[in-house]
Amino acid sequence: MTAKSLRMVWEAGAGAVVTKSLGLQPRTGYANPTIVDIGCGFINAMGLPNPGVHEYIRELSSLPDREGMVIVGSVYGSDPGQFAEAADIVAQGGVKAVELNVSCPHAKGMGAEVGQDPCLVEEIVSAVKDTIRLPVFAKLTPNVTNISDLARAAERGGADAIVAVNTLRAMAIDIEAQRPVLANRVGGLSGPAIKPVAIRCVYEIAEAVGIPVIGCGGVTSWRDVVEFLLAGASAVQIGTAIAYRDLKVFDEANNGISEYLAGKGYKEVKDIIGLSHGA
Ligand code: DHB
């Protein structure tokens, strides 16, 4: 996401916007093809392309009228020190919170390769919390046997919220060429196909931790948002739907939720968080 595209999403009605994940060094990412539409979602393996966190905060600071925009800086790294350093730099760029991408499904030596190990997740979160004063979110991978163990580890490390979930490891094969579609072969599946998995993860995590959960994975309508809230999410992220549908998804979600709450006699979003538990 360029700084300009963050503004477009903000103006479309999002309550906050999250940057593409940023690392200490610039990365060009993988060769094309990096994304494939499989009809029920996308599989992508971009390879964490980004201009590096130093350059990105320069881009952010040149964005006109950015005061008032709530920006969450996403960072990645391969060890607790790198995460802490990247978080520290992005924090100086005026973001309101930092999200730790411990869950990119295919990047070697970073992302899920560190984020599948609860001990490392705890160390990473704790190193970042010792370095910055902003709220810290841990974005977790669903590509594990027990995502609650990761969530508890992030909470022990001092995370202020859990973001669940990042993409699921997936592949598509071109039957004419008889080879994998993506240059990296394996990528991360997002979009409507993963929503039931994401809902299950949010539900389990909400039972396992006391900190807020931010739900994501396949949100395309206000109904999906309500489902995540009932599963125990306090907020949701919308990503793939921006490309899968369009920017109207934010207005439609905001209006749909308000009408749902009013129709059921609730005052605010808070009133329905986690209501499906114990039902
Ligand atoms: C990439 C990063 C992710 O966190 C993800 O879920 C999928 C792809 C990437 O940059 O390749």
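Helices (H or I, at least four residues) and strands (E, at least two) are DSSP runs, numbered from the N terminus. The legends below describe a predicted model, in which local features need pLDDT of at least 70 and side-chain atom pairs count only at pLDDT 80 or more, while totals for chains, interfaces and linings use all residues. Residues are numbered from 1 along each chain as its sequence is written, and side-chain values use heavy atoms, with hydrogens and water left out.

**View 1. Two cis peptide bonds in loops.** Another cis peptide bond joins Asn-32 to Pro-33, where omega is about -5 degrees, and Pro-33 belongs to the loop between β1 and β2 (35-37).

**View 2. The open sheet of seven strands.** Strands of a sheet pair through backbone hydrogen bonds, either parallel or antiparallel. Here the pairing is parallel and the strands follow the order β1-β4-β5-β6-β7-β12-β13, where two strands pair if DSSP finds at least two bridges between them. Because β1 (17-18) and β13 (233-236) stand at the edges with a single partner strand each, one side of each is left without a neighbour in the sheet.

**View 3. Strand β5 and its partner β4.** Strand β4 (residues 71-75) pairs with strand β5 (residues 97-101) in the parallel sense, over four bridges. Across this pair, Gly-73 stands opposite Val-98 of β5, and Ser-74 stands opposite Glu-99 of β5. Five of the five residues of β5 are buried, so β5 is largely enclosed by the rest of the structure; buried means under 20% relative accessible area, exposed over 50%, and partly exposed in between (1.4 Å probe, protein chains only). Both faces of β5 are covered, with Ala-97, Glu-99 and Asn-101 buried on one side and Val-98 and Leu-100 buried on the other.

**View 4. Nonpolar cores.** A nonpolar core is a set of buried Ala, Val, Leu, Ile, Met, Phe, Trp, Tyr and Cys residues joined through side-chain atoms within 4.5 Å. The largest one holds 68 residues, of which Val-98, Leu-100, Leu-140, Ile-162 and Ile-205 touch the most other members. A second, separate core consists of nine residues, including Val-36, Ala-170, Ala-172 and Ile-194.

**View 5. The surroundings of the ligand.** The ligand is surrounded by 13 residues, and the closest are Met-46, Gly-47, Leu-48, Asn-166 and Thr-167; a residue is near a molecule if one of its heavy atoms lies within 4 Å of it.

**View 6. Lys-195 in helix α7.** Lys-195 belongs to helix α7 (residues 195-208) and counts as buried, at 17% relative accessibility. The side chain of Lys-195 makes a polar contact of 2.8 Å with the side chain of Glu-227; a polar contact is a pair of N or O atoms within 3.5 Å, and within protein one must be able to donate a hydrogen and the other to accept it, while residues adjacent in sequence count only if both atoms are side-chain atoms. When neighbours within four places in sequence are left aside, Lys-195 is in contact (heavy atoms within 4.5 Å) with Gly-217, Gly-218, Asp-224, Glu-227 and Phe-228.

**View 7. Two residues with positive phi.** Asp-65, which is not a glycine, has a positive phi of about 50 degrees; Asp-65 is placed in the loop between α2 (53-61) and β4 and is exposed, with a relative accessible area of 61%. Gln-178, also not a glycine, has a positive phi of about 55 degrees; Gln-178 lies in the loop between β9 (173-174) and β10 (179-180) and counts as exposed at 68% relative accessibility.
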